[in-house]
Amino acid sequence: MIDERLVALITEEVIKQLRAKGSVTLPDSMGSGERPAAAGGLKDPMDPEALERMKKRTTARIGVGKAGPRLTTETMLKMRADHASARDSVFADVDPELIKRMGLMTITSQVTDRDMHVTRPDLGRKICPKSEEAILKNCKPNPDVQIYAADGLSSKAIEANLEKILPVLMEGLEASGLSVGTPFYMRFGRVAAEDRIAELLGAKVVCVLIGERPGLATAESMSAYIVYNSHVGIPEAKRTVVSNIHKDGLTAVEAGAYITEVVNQILEHKASGVDLVK
């Protein structure tokens with residue numbers, strides 16, 4: 001995994017060298033170990049207070065200014081650091097200690113390595129035979145709701161959110177009087193693998209907590225894809241999605257409570273996705 005502090009130190013050192021050469025002029029507000037502010041470099045904004053309010057309400061890169069036709073050095077370094085973090089989140093594995101600490105069984109799709117995971121999403125939608133056997137052997141059959149996690153395209157999303165959201169979600173569903181299946185973790189998983197899991201376990205509702213494709217604003221965004229009475233080949237429009245689960249969006253704890261409400265609505269109406277809003 002990328003070392004955030006190392007990135008910060010490298011960025012700070014580059015800026016110091018550029019400043020020493022007179023190649024760039026930057027404010028002295030960056031403390032030791034801090035990464036440069038995303039909105040640095042804009043000189044003399046017409047309404048500084050309004051700009052500051054907007055910056056606090058979004059992770060988008062607004063008010064970054066420019067140096068001639070190019071971005072400022074500060075903004076460019078921050079973008080490159082965030083891009084490296086995003087790439088790392090796609091190609092790195094979830095820390096096995098996290099999965100072990102949470103007591104989750106690990107299964108895998110038919111993907112065998114990270115490069116294949118990126119290039120063969122079709123295999124990420126299928127479960128390997130040994131994992132299907134493990135699911136049938138170790139998981140509760142015919143639950144009202146089956147919850148599981150998958151790395152998807154962001155391992156960081158799982159590491160940042162899973163420990164916070166899963167207990168809230170499990171407790172909320174059980175408090176609603178629902179039968180909740182045995183949670184587990186799926187490596188190299190894609191969303192549609194939940195359809196096969198629904199078939200294997202006979203679950204009325206399946207919810208996968210999965211890492212989303214990271215962007216330059218955050219590499220820690222998780223989504224919940226929820227489907228009712230699913231089967232392999234079900235249309236994507238049948239899925240209900242709760243997205244942007246991360247510390248700067250819908251927090252994990254809030255998402256757990258909200259997903260509990262959504263699942264109860266799905267079971268009440270016996271429908272998910274577009275069918276739920278008809």
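Predicted model: local features only at pLDDT ≥ 70, side-chain atom pairs only at ≥ 80, totals over all residues.
Trainee: What covers the buried residues of H7?

Mentor: The residues concerned in helix H7 are Ser131, Glu132 and Ile135, which are buried. What covers these buried residues includes strand E1 (105–108), E3 and H9.

Trainee: How wide an arc around the axis do the buried residues of H7 cover?

Mentor: In H7 the buried residues are Ser131, Glu132 and Ile135. They lie on the same side of H7, because the arc that they cover around the axis is only 105°. In general, an α-helix has 3.6 residues a turn, so residues three or four places apart point the same way. The arc asked for is therefore only 105°.

Trainee: Which exposed residues does the face of H7 turned away from its buried side carry?

Mentor: The buried side of H7 holds Ser131, Glu132 and Ile135. On the face turned away from that side, the exposed residues are Pro129, Lys130, Glu133 and Lys137.

Trainee: Why is helix H9 described as largely enclosed by the rest of the structure?

Mentor: The buried residues of H9 are Ala193, Glu194, Asp195, Ile197, Ala198, Leu200 and Leu201. Among the elements that cover them are helix H6 (121–124), helix H7 (129–138) and strand E2 (145–150), and strands E3 (184–187), E4 (205–211) and E5 (222–228) also belong to that cover. Helix H9 is largely enclosed because, of its 9 residues, the number buried is 7.

Trainee: Is Glu171 buried or exposed?

Mentor: Glu171 is part of helix H8, which runs over residues 155–175, and its C-alpha atom is separated by 9.3 Å from that of Gly256, 85 residues apart along the chain. Since exposed means over 50% relative accessible area, and Glu171 has a relative accessible area of 55%, this residue is exposed.

Trainee: How many disulfides does the count come to?

Mentor: Cys128 counts as buried at 17% relative accessibility, and Cys139 likewise counts as buried, at 6%. The rule asks for a pair of cysteine sulfur atoms within 2.5 Å, and by this rule the number of disulfides is 0.

Methods: Residues numbered from 1 in each chain as written. Heavy atoms only, no water. Buried < 20%, exposed > 50% of the residue type's maximum accessible area, 1.4 Å probe, protein only. Helix = DSSP H or I, 4+ residues; strand = E, 2+ residues; numbered from the N terminus. Contact = heavy atoms within 4.5 Å. Arc of directions from axis to C-beta.
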